[in-house]
Amino acid sequence: MTPLRTTCPYCGVGCGVSIVDGRPQGDIDHPANAGRLCSKGAALGETLDLPGRLLRPVVHGRETGWDEALDVIAAAFTRIRETAGPDAIALYVSGQFLTEDYYVANKLMKGFIGSTNIDTNSRLCMSSSVAGHVRAFGEDVVPGCYEDLDEADLAVLVGSNMAWCHPVLHQRLMAARDARGTQIVAIDPRRTATATAADLHLPVKPGADVALFSGLLVHLADTGQVDRDWIDAHVSGFDEALAAAQRIAPDLAAVAASTDLPSKDIEAFYHLFARTRRSVTLYSQGVNQSVAGADKVNAILNCHLATARIGRPGMGPFSLTGQPNAMGGREVGGLANQLAAHMSFTSEDTERVGRFWNAPRMATRPGYTAVDLFRAVEDGRVQAVWIAATNPAVSMPDAGRVREALARCPLVIVSDAWPTDTTEFADVILPAASWAEKDGTVTNSERRISRQRAFRPAPGEAKPDWWMFAEVARRMGWAGQFAYDGPADIFREHAALSAFENDGSRLFDIGGLADLDARGYACLEPIRWPCRRDGFSASARLFAGGTFPTADGRGRMVPLASASPGQQKGRSLTLNTGRVRDQWHTMTRTGLVPRLMAHTPGPSLTICPADAEARGIVDGGLVRIESEQGSVVLRAVVDDGLRPGDVFAPMHWSDQFCSSGPVDRLVHPLTDPVSGQPDLKGTGVEVYAEAEAWRGLLVRRHGSAPTLQDGVYWSCSPIDGGRRWELSGTAPLPEAADIAALARRLMGLPDEAELASYTDTRKSVFRFAGLLEGTLDACLFIAVPGTPPPDTARAERLLGQEVDGPARLSLLAGLEGAARPAGKTVCSCFSVGEAEILEVATARGIRTTAQLGDALGAGTNCGSCLPELRKLLGNCAGSRPEAA
């Protein structure tokens, strides 16, 4: 049987996935990944039957059918549009959309409702790149391709933990280094897994990238490395950009002062870039998520434009997209400041799109970007908001205020596949089809369009997002303009619009795909744009010939005004937020897969040793983080990989997984003035040690949250057959005689359940097992801080099994029994734990990750665990750390 080919739903690499016997695996024929998948992609099969799916529409807390739910939305939108105007309606959508979903939503809002108040969570990750591209190139175009990683002699990674966030591409880069000696520079405030594998790590001060790259431009000019002939023929603004760079970074000492970097390291980077023509600069959220994000992008682009290192093999700036279809959303105009098909709000473009759509009420100006959109919800300017495939109650900056806004809004519609923190605020909940059930296209970071193909029926009454928007449009009176029989109809219209009255001034042109019949769409192979009707299909790279989609055909260097944002007053630390290796966004899917939670089972705040010591913070202890926006409690990780003055927290955890809720409660709502992108990496905070009276570990068969009193911190993660909770109490434990009652409540045991216990009051150690008819239902281990934590692996294995007297005693006494604990999971792809790695490496004298891969498989799939494996091997007796 021929495998069905589809595309991974996670990051912007756009990896191909083959479905074999109903199970996902890497597609060896897809050019983006050639069969390799990351830990999340490798676990896709474990997300197919997750519990808790939304199955039926819900209106005001009552399950109903689609007709009623859609009628309610259409009637409300019509009434609000007539009484308060179209701008009182807003959509907030997602880079998880397929292009077809995006296209219909954008068309409905901008052409028919008549408002541009549709923005996307891509605003939070890629809009600074969009702004930088438009300023430099005239259009939002990524000029390079993945083959550039194979052919570069120097790769500069800026604000990108590529090893964890784009691991398939990182392994491609590592393979290129092995093959051709590619040198790697990592520019990142943290010593990440990516930085440990680099030849040079520059732990730049947060926000100082403009100063660093302005200094590079000055160095290139001073050493005669700019290409004057190319500039004279193809680039405008060089003199102005260089003069601005000289004001920001007049010399090496000024750059060192702005960036907190040693002068010798800056000089080494500058000399390496200057003498290495085949240089590619790959950047991601550390550049984009800043109040100076667009300027950071243009500081990088300026250096490539000045040296003609663009559009040629192994050269160019490369924006690594965060989401699977953030690029597709940009193509259809999913951002509030864009029209479809890379058109803008000029009168000519607005008239053109309106004519193509036969739109009765075209929007004519940009709408609210994400932060401003939720401010408009808060103050009543927006009276109805439809949130689709995203979770802003967790992911938006100043998340507490966003929640308050949603609570005030007269009509909140949420379409999603699973319950989220955001669905808690919804008046109308619509069950959406998920990845395995949807059909359409996505575009990856190198402009490659790939098909996503459904291979499972949607459960219950779940529907694709494009269908929901089209049905609302029909009910509002526009049935003729939204008469789509399926995603192929939508894609053909999208492709035709890209070519409509396009004389070549817009590079985004997929008109050559506009006449695909049903079979052609079904069988569409991965393809890069542009692919025009006249048969023109660009090479993998753009701009090598020096022609840009600007009014004069020249690339534009942008003069930049400032070096870096300042620290918030009264706050001594800067909070940086980001991703961890095995999780995706707000964990609605990956957070339910046990092996993806095993590497990092709970949220944390990482802080450097000096800052921790100054505050009385210990590794593993609780800390309270406070900002002007709010406060959260997390467990501390003391790590010398952070700069003094910086702290880091992952952005994934929500109310469903921890008591503190999202870390974005702390994040300030400041945005880039050009791109509107929030600054998610520069919030001023204070951090304090939080006293703990006791700690507990709870495992339960049923996944509902335990009944917790105030003053108890918790985080939870899935295990096979149940969930595991980590607990910390700030109030003293009750008297020994009353602890059993506390345990019974925490374990959620019914009155008839048997409670077996082990108590050592001298050490304040209390262990409980809850049994229903002899079957283990829950285990709880309580102790004071400093007591070695028990390994819960045996309790987890015994959940749901009959446990006899001797087994109960050994379980509660902490005797492990036959199986040895694996320790912390290091390789999620193959579920290989730290203890097993150390044991096998020591016993066999293993010195390299290749040898370890042969023995255990660890590190042989996505490779994102390789830096951690190298560190572990360095700790083995008789071993030395392997070179990255």
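This is a predicted model: local features need pLDDT of at least 70, side-chain atom pairs count only at pLDDT 80 or more; totals for chains, interfaces and linings use all residues.
Which residue's side chain meets that of D153 in a salt bridge? I started my notes with this one, and R180 is the partner, with N to O at 2.6 Å.

**Entry 1: D153 and R180**

I looked up where the two partners sit. Next I checked accessibility. D153 has 30% relative accessibility, so I put it down as partly exposed. R180 comes out at 37% relative accessible area and is partly exposed too.

**Entry 2: D101 and K438**

I then turned to D101, which forms a salt bridge with K438; their closest N and O atoms are 2.6 Å apart. The pair ties together parts that are 337 residues apart in sequence, because D101 lies in helix 3 (residues 99-113) and K438 in the loop between strand 16 (428-431) and strand 17 (440-443). Are these two buried or exposed? Both D101 and K438 are buried.

**Entry 3: R724 and E796**

I found another salt bridge between the side chains of R724 and E796, at 3.6 Å from N to O. This pair links distant parts of the chain, with R724 in strand 29 (residues 722-729) and E796 in helix 27 (residues 793-798), 72 residues apart. For E796 I noted a relative accessible area of 22%, and the cut-off for buried is under 20%, so E796 counts as partly exposed.

**Entry 4: a network, and the tally**

Which residues are joined in a network of salt bridges? I wrote down E348, D349, E351, R352, R355 and E501. For the count over the model, I have 58 salt bridges.

**Entry 5: E100, without a salt bridge**

My last stop was E100, in helix 3. What is the nearest side chain of opposite charge to E100, and how many Å away is it? I found R451, at 6.1 Å. A salt bridge needs a nitrogen and an oxygen within 4 Å, and E100 has no salt bridge, although it is buried.

I did find a polar contact for E100: its side chain pairs with the side chain of Y521 at 2.8 Å. Leaving aside residues up to four places away in sequence, I listed what E100 touches: G440, T441, W466, P487, I490, F491 and Y521. Y521 therefore went into my notes on E100 under both headings, as a residue within the 4.5 Å contact cut-off and as the polar partner.

Methods. Residues are numbered from 1 along each chain as its sequence is written. Side-chain values use heavy atoms; hydrogens and water are left out. Helices (H or I, at least four residues) and strands (E, at least two) are DSSP runs, numbered from the N terminus. Buried means under 20% relative accessible area, exposed over 50%, partly exposed in between (1.4 Å probe, protein chains only). Lys and Arg count as positive and Asp and Glu as negative; His and the chain ends are not counted. A polar contact is a pair of N or O atoms within 3.5 Å; within protein, one must be able to donate a hydrogen and the other to accept it, and residues adjacent in sequence count only if both atoms are side-chain atoms.
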